[in-house]
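Subject: Structure handover

Hello,

Here is the structure I promised to pass on. My notes on its helix packing and its pockets follow below.

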Amino acid sequence: MTNEEMKKEWQDFTCPGGDETDVLRRNIWLLDRLKKPEGIVDAVLDTDTYNEIDDQYALAYMLRSEEKIRVKAVYAAPFTATKSTGPADGMEKSWHEIRKVLRLMGREDMYDRVFKGSTSYLPDEKTPVISDAAKDLARRAMEYSPKHPLYVVAIAAITNVASAILLNPEIIDRIVIVWLGGNELDWPNNKEFNMYQDIAGARIVYGCRVPLVQLPCMGVVSSFTVSGPELEAYLKGQNELCDYLVDVTEKEAEACGCVRTWSRPIWDVTAVGWLMGGDLMSDRIAYAPVPEYDDRYSGSKSGHFYRYVYYINRDSLLDDLVKKLTK
């Protein structure tokens with residue numbers, strides 16, 4: 001896009017302020033930006049890849065969906081869980097795991113587009129955590145525009161993305177965030193892993209009126225599961241990547257003490273699936289809630305719009321995933 005074309009877009013829409021008229025104008029604008037994209041889109045992936053096996057599925061699925069997605073960069077996100085001693089350790093392990101998946105896919109050409117992310121969570125709602133990932137997103141998004149945004153697929157704590165927004169608020173109108181985080185709006189609590197690690201980051205993303213798509217975990221994405229027999233039948237023996245995914249998934253199931261008939265969610269695939277369009281999931285426009293520090297949502301039927309996924313077509317999405325991973 002030329003500078004003149006981009007200037008024309010900014011003349012068509014100037015980011016409004018905070019009064020009621022501006023909120024209405026912003027919501028009209030958001031309705032257009034929150035449509036499922038047509039054609040091929042540019043996207044980046046923000047992932048805590050070493051935490052669970054579902055991130056590896058999502059990364060591979062995204063890279064194998066060239067008919068719809070051009071992957072421009074991959075960001076290693078922080079996490080704190082049994083596989084890490086803290087956010088810095090989790091991020092570092094995730095960076096290495098991203099490169100491992102790329103090697104298994106024969107995509108070493110992507111190595112220079114893998115960026116290390118935050119080594120801590122946001123200390124408050126005004127201070128970014130500086131990292132290569134946050135700086136890259138704050139810079140890269142400036143190459144895009146409201147009508148031709150960069151899609152940010154986030155499947156981890158939202159620290160890197162929130163930090164990029166704090167570093168350069170101009171990117172708010174140049175990106176669309178597709179985040180797997182939080183629980184279903186009517187779930188008894190909002191104590192969800194990606195959300196509770198960095199509530200400050202989540203509040204920035206929900207509050208800054210960026211175009212946002214939420215894929216809630218418990219109550220929605222939790223339905224996207226895969227079973228041991230399906231892995232054995234459809235993935236095992238297909239290629240080196242598939243064998244790695246099956247092996248790690250089965251080991252995680254065994255470590256959890258799962259029964260013979262086990263299945264487990266591979267949550268993060270759904271965030272990539274949203275970009276694919278079709279009948280893979282259903283969503284609706286809603287008023288963006290406010291994540292609170294006490295593991296709940298607050299909000300009312302006012303304010304700005306966002307897109308809320310409420311149903312996953314499990315069989316169709318799993319079928320597309322299997323086709324992509326085994327091709």
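At roughly what angle do the axes of helix α3 and helix α10 cross? Before the answer, a word on the source: this is a predicted model, in which local features need pLDDT of at least 70, side-chain atom pairs count only at pLDDT 80 or more, and totals for chains, interfaces and linings use all residues. Residues are numbered from 1 along each chain as its sequence is written, and side-chain values use heavy atoms, with hydrogens and water left out.

**Helix packing**

The axes of α3 (residues 54-63) and α10 (residues 240-255) cross at roughly 160° and come within 10 Å. The two helices are therefore roughly antiparallel (over 145 degrees; under 35 is roughly parallel, 65 to 115 roughly perpendicular and the rest oblique). Gln 56, Tyr 57 and Ala 60 of α3 make the contact with Leu 241, Tyr 244, Leu 245, Val 246 and Thr 249 of α10; contact means heavy atoms within 4.5 Å. By class, these residues are six nonpolar, two polar and no charged. Here Ala, Val, Leu, Ile, Met, Phe, Trp, Tyr, Cys and Pro count as nonpolar, Asp, Glu, Lys and Arg as charged, and the others, Gly among them, as polar.

On the terms: helices (H or I, at least four residues) and strands (E, at least two) are DSSP runs numbered from the N terminus. Axes are lines fitted to C-alpha atoms, for helices over the stretch in contact, with angles from 0 to 180 degrees between N-to-C directions.

α10 also packs with helix α4 (residues 87-104), at an angle of about 135° and with the axes 8 Å apart. This pair is therefore oblique. Glu 97, Lys 100, Val 101, Arg 103 and Leu 104 of α4 meet Glu 240, Leu 241 and Tyr 244 of α10. That contact has four nonpolar, no polar and four charged residues.

α3, in turn, packs with helix α12 (residues 314-326) at about 70°, their axes 9 Å apart, which makes the two roughly perpendicular. On the α3 side the contact uses Tyr 57, Ala 60 and Tyr 61, and on the α12 side Leu 317, Asp 320, Leu 321, Lys 324 and Leu 325. Six of these residues are nonpolar, none polar and two charged.

**Pockets**

A pocket is an open set of points on a 1 Å grid over the protein atoms alone, where a 1.4 Å probe fits, with protein on both sides within 12 Å along at least five of seven lines; lining residues have an atom within 4 Å of a point. The largest pocket has a volume of about 470 Å³. It is lined by 24 residues, and Asn 51, Glu 52, Phe 193, Arg 264 and Trp 267 are the closest to its centre. α3, α7 (193-196) and α10 each give two or more residues to this lining, and α7 gives the most, with three. The lining divides into 11 nonpolar, four polar and nine charged residues.

The second largest pocket holds about 390 Å³ of space. Among its 17 lining residues, Pro 37, Lys 147, His 148, Pro 149 and Tyr 151 are the closest to the centre.

Best wishes

Definitions and conventions
Grid points are joined across faces, edges and corners, and a volume is the space filled by probe spheres set on the points.
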